[in-house]
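Hi,

Here is the structure I promised to pass on.

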Amino acid sequence: MNRVILTGRLTRDPEVRYSQGEKSIAIARYTLAVDRKFKKEGEQSADFISCVAMGKNGEFAEKYLKQGTKIAIEGRIQTGSYTNKDGNKVYTTDVIVEIHEFCESKSSQNQSQQNNSGPAPNSDGFISIPDGIENELPFN
């Protein structure tokens, strides 16, 4: 059985192309950053999984997905290889997406993006520190 379920955030907007021919289909490619539950010191905290969505799933990706969107996908792993222009054999591993699902509402996604931006700096480039928290600061 070849089945995979992943939850993560898009690292960039999907790259969408349409196949040639009488009935062209959408082919969307994107990378999903999937957090690791456990990590060793000095090791990256996420895996970056290459995903391919075709047909109606590709059209969905083009219309609704963008960088930072948190989604869950279900699909299958597909491996392949090709020879690049330098004559080297390149091996690929992709998740062929069969189902997309949003993991957060649009409003919570917008709110998390605003929270990540942090407080706005003053015109001098520094953030104002509120009065009365001098004892809480880790430095003097």
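Let me start with a question: is Phe 102 buried, partly exposed or exposed? Phe 102 counts as partly exposed, at 41% relative accessibility. The cut-offs here are under 20% relative accessible area for buried, over 50% for exposed and partly exposed in between, using a 1.4 Å probe and protein chains only.

Before you read on, note that this is a predicted model, where local features need pLDDT of at least 70, side-chain atom pairs count only at pLDDT 80 or more, and totals for chains, interfaces and linings use all residues. Residues are numbered from 1 along each chain as its sequence is written, and side-chain values use heavy atoms, with hydrogens and water left out.

Now the aromatic rings. Rings of Phe, Tyr and Trp (its six-membered ring) pair if their centres lie within 6.5 Å; planes under 30 degrees apart are stacked, over 60 edge-to-face, and the rest tilted. That rule gives 2 aromatic pairs. One joins Phe 60 to Tyr 64, a tilted pair with 5.1 Å from centre to centre and 45° between the planes. Both residues sit in helix α1, 4 residues apart, or about one turn of the helix. (Helices, H or I with at least four residues, and strands, E with at least two, are DSSP runs numbered from the N terminus.) Phe 60 is partly exposed at 24% relative accessible area, and Tyr 64 is partly exposed too, at 42%.

Phe 60 also pairs with Phe 102: the ring centres are 5.6 Å apart and the planes are at 50°, so this pair is tilted. Phe 60 belongs to helix α1 and Phe 102 to strand β6 (residues 89-102), so the pair ties together parts 42 residues apart in sequence. Phe 60, Tyr 64 and Phe 102 make up one aromatic cluster.

Helix α1 (residues 56-64) also holds Asn 57. The Asn 57 side chain comes to 3.3 Å from the backbone oxygen of Val 97. Setting aside neighbours within four places in sequence, Asn 57 is in contact (heavy atoms within 4.5 Å) with Val 97, Glu 98, Ile 99 and His 100.

Lastly, there is Gly 80, in strand β5 (residues 70-83). Gly 80 is partly exposed, at 27% relative accessibility. Not counting residues up to four places away in sequence, Gly 80 touches Val 90, Tyr 91 and Thr 92. From Gly 80 to Asp 94 is 14 residues in sequence and 8.5 Å in space, C-alpha to C-alpha.

Cheers

How values were computed: Polar contact = N/O pair within 3.5 Å; in protein donor to acceptor, adjacent residues only side chain to side chain.
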